[in-house]
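Open your viewer, keep the selection panel handy, and let's take a walk through this structure together.

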Amino acid sequence: MPRGGRDADSEGDPFADPFGDDQSVDTPPPPLPQARRNAPVTPAMPAPVARAGGGPPPPLPPAPRSASVSALATSTPAPSPPMPMPAARRPQQSPVASPVRSPKDAPPPPLAPRPTAPAVRQARLLEQQQQQQPQSPMSPMQAPALPARPSASSSVSSLSERPSTLGRNSGGATSSPMGSYDKLSKQPDARQDVKVTAPDFTSSLNRRPPAPDSYITNNEISHKGAVKQVVVSGFYVCTAGQQNLRLYYIPSGENVKSLPLNDTKVTGLALVPCADPEDEGSVVWIGTEKGDIISADLQSGTTITILDKRNAHTAAISHMIRYRNSIWTLDENGGLRIWSDLDGRTGLSAEPPRMKIGSRQERLAIAKGRLWAGAGRSIEIYNPDDPRSIFQQRVDLSGHAGAVTAMATSRDEDRVYSGHDDGKVIIWSTSGGGGAPARLAVAACSPYRVSALLAVPSGDLWVGFATGKVHVYDTSASPWVALKDFGAHASAPVTDLVLDEKSLLASGRQTVMSFSADAGQIRLWDGFLSKDVADSYVKSREAEYSTYRRISAFVGSWNINAIKPDAPEVSSRVDKLLSEWFGVRCSPPPTIIVIGFQELVDLES
């Protein structure tokens, strides 16, 4: 074929090489500018053409050589060749190549937009929309204002709809705790601001330990190993340790009976109520980590014998509390069972209903048939007699006191005491409407953690601390009056304070027991504070048997300087010194003379 000719078969062939021998050139390209004659020429790329039957795009042209820096600075860059489009989207164009354009005539490609931060873009868009709609209260892109931060006093009202746990079931099965809802009683008294006061430690404080009378020769019982659980009745103390259940005789401190526990881990201990007061303290219930309750006889025979055993809970028993003629047992999952109408050896054969409360409660107290459960910085109140829901109310203590570490109930059950890890003790009244709590007083007793509380029938409150000390307060006064401050357990926290209910009947005394689980130490105290009461009574009537008169006293010191009494320099001066001291300078003569001697021996020898 002649040069420059065109074959008919190649008409419309997209794969024809535009720079090959078959390319027809009708006119020469225009001359280059004078400034760029020496620069390499970049041939213009023809527009991509679509293949009739579809197929791959034509190959890219070879990359041009780089120009000099001066040429690039004075020239306009050529437009970039268009990217090849997919075959399905490429338009059908003529196979004729596009005319070659000069780089000087081609416009520069537009610069890519500068990236903008999302916050800036949103602000700009919001400004544009506000300009378009100046009367609009809020743009669709504008975030609503944050709500006001709730105050501590509104924490209780935020719990207005809490899923409550179900009450007793006649069938003994546990229902789902999400079965119903019970609105929280909104009582302003429960969160009213009560001023925190410090007890009076100046008027009646006595640091003498209230040791019991002479009927107890030794007020300390040393347990072999750590003490896990302790109960006391009359002249006997029953303890549960790592491997044994032991019975001690209080007057002598002797271990009279034992029961091997093998691999049983004791988590609860309670004395079973008896109809006959003489049998009180003869039967004890033992709670285990497997949810079992073991009934054991402490009095009959020479050893402790097991009467009965049954699986009562599905989880480890965490609390066993004796309340009147019943025992309340609670496991770690919140399973509650009330064993009522107990009489000594009977009770485990019954089938009390199962109830559900909050799991892992740390401290419990019972007042007027309601269960007070403390965990963290909240106290929950449950009423097992409510057929709808046993849950009654929750009180949030955040911002007012620390975590609940101890709880106790007064003898008339009109007050509940809660101790906290910041050393505060709060008195709650149970006489409010519907049993709702009312905070009566808050006392900052110590900077150390309160570890035990006990309210005795006389009205005094015993408070044990993590330092091993015990305080006794008269809570009827305002502020409280500190009656006692003594060390019960040296450098070991007071685990619990227990009142001996039978001591009044057995000995006519009120015995309070404190024990430290870490030290394995049990100590007994006089709950009446008999010696302090006697001293106070005698002092109140001292005007009836005492007379008063004014006296004078002479107090001086004499530096002997290690000189013996028979030394000449001493014997010649004694009469003179005595006459000067008591004759001339003291008139009238003193009633009491106090002389202190210094350096009786030679300090250099």
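The tour below goes from aromatic rings to a core, then to cavities and a few backbone stops.

This is a predicted model, in which local features need pLDDT of at least 70, side-chain atom pairs count only at pLDDT 80 or more, and totals for chains, interfaces and linings use all residues. Residues are numbered from 1 along each chain as its sequence is written, and side-chain values use heavy atoms, with hydrogens and water left out.

**Stop 1: aromatic rings**

The structure has ten aromatic pairs. Select Tyr382 and Phe391: their ring centres are 5.8 Å apart and their planes meet at 70°, so this pair is edge-to-face. (Rings of Phe, Tyr and Trp, the last by its six-membered ring, pair if their centres lie within 6.5 Å; planes under 30 degrees apart are stacked, over 60 edge-to-face, and the rest tilted.) Tyr382 is buried, with 1% relative accessible area, and Phe391 is buried at 0%. Here buried means under 20% relative accessible area, exposed over 50%, and partly exposed in between, using a 1.4 Å probe and protein chains only. Next, select Phe201, Tyr473 and Trp480, which ring pairs link into a cluster.

**Stop 2**

Strands are DSSP runs of E with at least two residues, helices are runs of H or I with at least four, and both are numbered from the N terminus.

Now centre on Val463. Leaving aside neighbours within four places in sequence, its contacts include Val425, Leu453, Tyr473 and Leu497; contact means heavy atoms within 4.5 Å.

**Stop 3: the largest cavity**

There are four cavities of 30 Å³ or more, and the largest holds about 60 Å³ of space. On a 1 Å grid over the protein atoms alone, a cavity is a set of points where a 1.4 Å probe fits but cannot get out, and lining residues have an atom within 4 Å of a point. Grid points are joined across faces, edges and corners, and a volume is the space filled by probe spheres set on the points. To find the largest cavity, select Arg208, Pro209, Pro210, Ala211, Lys484, Asp526, Leu529, Ser530, Lys531 and Asp532. Helix H4 (residues 530-540) gives the most to this lining, with three residues.

**Stop 4: backbone details**

Zoom to Ser478 and Pro479, where the peptide bond is cis, with omega near 0°. Pro479 sits in the loop between S27 (469-474) and S28 (481-487).

Two residues other than glycine have positive phi values: Arg360, near 55°, and Glu413, near 65°. Are they buried or exposed? Arg360 is exposed at 58%, whereas Glu413 is buried at 10%. Look for Arg360 between S16 (354-356) and S17 (363-367), and for Glu413 in the loop between S21 and S22 (415-420).

**Stop 5: Trp339**

Finish at Trp339 in strand S15 (residues 335-339), a buried residue at 2% relative accessibility. Its C-alpha atom is 8.7 Å from that of Asn325, 14 residues apart along the chain. Not counting residues up to four places away in sequence, Trp339 touches Trp285, Ile293 and Arg310, among others.

Notes. 1 Å grid on protein atoms, 1.4 Å probe; cavity = no way out; pocket = protein on both sides within 12 Å on 5 of 7 lines; lining within 4 Å.
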